[in-house]
Amino acid sequence: MARAFKSTPKGFVADLEKAERRLLRTLFKDVIQMLDVEQEASPSAPTGSASDSASASATPSSSDPFWDIVAALGPLGADDAGDGEAAGVGNSMGAGESTPVREAPQDEALARLLPPGVHGDTPAEQAAAGEFRALTEDGVRRAKTADLQRAVAALQVNPVVLDEEHAIAFSRALNDVRLVLSARLGIDTDEDAERVHAVDDWSAAQDVESYMALLYNFTTWLLETLMLALSTRLPD
């Protein structure tokens, strides 16, 4: 059973079982794949890509029904990945325009990972949002991917020991997983969150939604323990 992150002289330390670390690596790798612009822009890319292979290696080939469910989730953003139009990736130049514009992702999970920098429904606000996204989105994707890759590396051994810089990156990676799972679970209100938090029995889970709810609750708990540990280092 996982033990919460604690602030220690060695750093921020958590004790996670092998299966828990393997599960988290799989989730992190799936979000990395979602953020891969080339993967998103090329829905016909070979299924034997490096990201797919890494994700597959993180999931044991057994008849365990839990891992069958996790494997069936595939990349957490896969439901819209096959759409012929890449989910807002790529610059589109209008006639006479000198500034590139990029549309928001159509997939809700990816949209939560990459929210707009400019809000509003007027044509001017929408144009400004598209221009801002074109200028910043690739950098945001790279930064999120770097955090997730750091998190994957940190989970190779147990206990998991993080210095402050890596702990902050790990917290961002966990939150990105939560954002994706929250979109897949339809968490938009406090009532939705309460419904998901009520799912707490691993032995009773029988469908994909129940397993995703359990994964969401596990990553939420782990993130909360890390943030609490980090808060102990804040100056008085």
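Start by selecting Asp192, which, leaving aside its neighbours within four places in sequence, is in contact with Gly186 and Ile187, where contact means heavy atoms within 4.5 Å. The model on your screen is predicted, so local features need pLDDT of at least 70 and side-chain atom pairs count only at pLDDT 80 or more, while totals for chains, interfaces and linings use all residues. Residues are numbered from 1 along each chain as its sequence is written, and side-chain values use heavy atoms, with hydrogens and water left out.

Asp192 lies in helix α8, residues 190-197; helices (H or I, at least four residues) and strands (E, at least two) are DSSP runs, numbered from the N terminus. Is Asp192 buried or exposed? At 17% relative accessibility, Asp192 counts as buried, a word that here means under 20% relative accessible area, with exposed meaning over 50% and partly exposed in between (1.4 Å probe, protein chains only).

Next, select the sheet, an open one in which three strands follow the order β1-β2-β3 with antiparallel pairing; two strands pair if DSSP finds at least two bridges between them. Because β1 (3-8) and β3 (160-162) stand at the edges with a single partner strand each, one side of each is left without a neighbour in the sheet. Neighbouring strands of this sheet are turned by 20 degrees against each other on average, direction ignored. Look then at β1 and β2 (residues 11-15), which run antiparallel and are joined by four bridges, and find Lys6, whose bridge partner in β2 is Val13.

Now colour helix α9 (residues 208-231), which packs on the sheet, touching β1 and β2, and whose direction makes about 15 degrees with that of β1; axes are lines fitted to C-alpha atoms, for helices over the stretch in contact, and angles run from 0 to 180 degrees between N-to-C directions. Of the 24 residues of α9, 17 are buried, so this helix is largely enclosed by the rest of the structure.

Select Leu162 and display what it touches: not counting residues up to four places away in sequence, Leu162 meets Phe5, Gly11, Phe12, Ala154, Ala167 and Phe170.

Rings of Phe, Tyr and Trp (its six-membered ring) pair if their centres lie within 6.5 Å, and planes under 30 degrees apart count as stacked, over 60 as edge-to-face and the rest as tilted. By this rule the count comes to three aromatic pairs. Phe5 and Phe170 form an edge-to-face pair, 5.8 Å centre to centre and with 65 degrees between the planes. This pair links distant parts of the chain, with Phe5 in strand β1 and Phe170 in helix α7, 165 residues apart. Phe5 is buried at a relative accessible area of 3%, and Phe170 is buried at 1%.

For the last stops, go to Pro159 in the loop between α6 and β3, where the peptide bond from Asn158 to Pro159 is cis, with omega near 0 degrees. Finish in helix α6 at Val140, which is partly exposed, with a relative accessible area of 34%. Val140 and Leu114 are 26 residues apart in sequence and 7.6 Å apart in space, C-alpha to C-alpha.
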